[in-house]
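User: I am new to this structure and would like to go through it in questions and answers. Please begin with the term needed for the charged pairs.

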Amino acid sequence: MKTRQHMIEFIQKQKTAFVSSVDEEGFPNIKAMFTPRKIDGNCFYFSTNTSSMRSQQFMKNPKASIYFYHRGRFKYEGIMLIGTMEVLQDDEIKKEIWCTGDTIYYSQGVTDPDYCVLKFTAIKGRHYSDLKTESFVFADLE
């Protein structure tokens, strides 16, 4: 992994994030989502439905993983982060990451009870690029 800044810039350029939760039987469940609305240090914030299967799984088991990739014509790069996911109902963070078009998903607006924020806190990860894979601890990145 080059630097924390490289990782953040790479993630911000992607259109899709793959978010993984753990179900009641201990199996991983993966879902494609929009990229994080906010990145603050090692925390990544996503918007989603409170009633979604993923939110319910995170409430029971906060273990999570997120993955971002770019597949070019001659180069593939991917970043996997491992950490924990919290389901936030705090009005302040909900307002902060709210986008005007979100009323398509949440008809009652930012106060819709089915609107929540997923806060992912990265602990460690793996970076793949140029046929090389490197593990890293998020706190150790420059």
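Analyst: A salt bridge is a side-chain nitrogen of Lys or Arg within 4 Å of a carboxyl oxygen of Asp or Glu. The model is predicted.

User: How many salt bridges does the structure hold?
Analyst: Side chains of opposite charge can pair when their charged atoms come close. By the 4 Å limit, the number of salt bridges in the structure is four.

User: Which residue meets R37 in a salt bridge, and is that residue buried or exposed?
Analyst: The side chain of R37 meets that of D102, with N to O at 2.8 Å. The pair links distant parts of the chain, 65 residues apart: R37 is in the loop between strand 2 and strand 3, and D102 is in the loop between helix 3 and strand 7. R37 is partly exposed at 31% relative accessibility. The relative accessible area of D102 is 2%, under the 20% limit, so the partner of R37 is D102, and D102 is buried.

User: How many residues apart in the chain are E96 and K38?
Analyst: The side chains of E96 and K38 meet in a salt bridge, 2.8 Å from N to O. E96 lies in helix 3 and K38 in strand 3, so this pair links distant parts of the chain. The separation of E96 and K38 is 58 residues.

User: Which strands does the salt bridge of E86 and K119 tie together?
Analyst: The closest N and O atoms of E86 and K119 are 4.0 Å apart. The two residues are 33 places apart in sequence, and the pair ties together the parts they lie in. E86 belongs to one strand and K119 to another, so the parts tied together are strand 6 and strand 7.

User: Why is strand 7 described as largely enclosed by the rest of the structure?
Analyst: Strand 7 covers residues 115–129, which is 15 residues. A residue counts as buried under 20% relative accessible area. The strand is largely enclosed because the number of its residues that are buried is eleven.

User: Which strand is joined to strand 7 by twelve bridges?
Analyst: Strand 4 (residues 43–49) pairs with strand 7 in the antiparallel sense over seven bridges, and T48 has C116 as its bridge partner there. Strand 8 (residues 132–137) also runs antiparallel to strand 7, with six bridges. One further antiparallel partner covers residues 76–88, and its M80 stands opposite R126. The strand with twelve bridges to strand 7 is strand 6.

User: Which residue takes a positive phi in the hairpin of strand 7 and strand 8?
Analyst: Along the pairing of these strands, H127 stands opposite E134. Two residues lie between the strands of the hairpin. The residue with a positive phi, near 55°, is D130.

User: Which residue takes a positive phi in the hairpin of strand 1 and strand 2?
Analyst: Strand 1 (residues 16–22) and strand 2 (residues 28–34) are antiparallel and share seven bridges. S20 stands opposite I30 in this pairing. Five residues lie between the strands, and the one with a positive phi near 90° is G26.

User: Which backbone oxygen does the side chain of S55 reach?
Analyst: S55 has its place in helix 2 (residues 53–60). S55 is buried, with a relative accessible area of 0%. Beyond four places in sequence, its contacts include T48, V87, C116 and L118. At 2.9 Å, the side chain of S55 reaches the backbone oxygen of N49.

User: Which residues of helix 1 are buried?
Analyst: Helix 1 spans residues 4–13. Its buried residues pack against strand 3, strand 4, strand 5, strand 6, strand 7 and strand 8. These buried residues are H6, M7, I8, F10 and I11.

User: Which residues make the nonpolar surface patch?
Analyst: One member, Y105, lies in the loop between helix 3 and strand 7. Y105 is partly exposed, with a relative accessible area of 47%. The patch has an area of about 400 Å², and its residues are F34, I104 and Y105.

Technical notes:
Residues numbered from 1 in each chain as written. Predicted model: local features only at pLDDT ≥ 70, side-chain atom pairs only at ≥ 80, totals over all residues. Heavy atoms only, no water. Buried < 20%, exposed > 50% of the residue type's maximum accessible area, 1.4 Å probe, protein only. Helix = DSSP H or I, 4+ residues; strand = E, 2+ residues; numbered from the N terminus. Pairing = 2+ DSSP bridges. Polar contact = N/O pair within 3.5 Å; in protein donor to acceptor, adjacent residues only side chain to side chain. Contact = heavy atoms within 4.5 Å. Patch = residues over 30% accessible without salt bridge, like charges linked within 9 Å, V, L, I, M, F, W, Y side chains within 5 Å. Areas by Shrake-Rupley, 256 points an atom, 1.4 Å probe, with all protein chains shown as cover.
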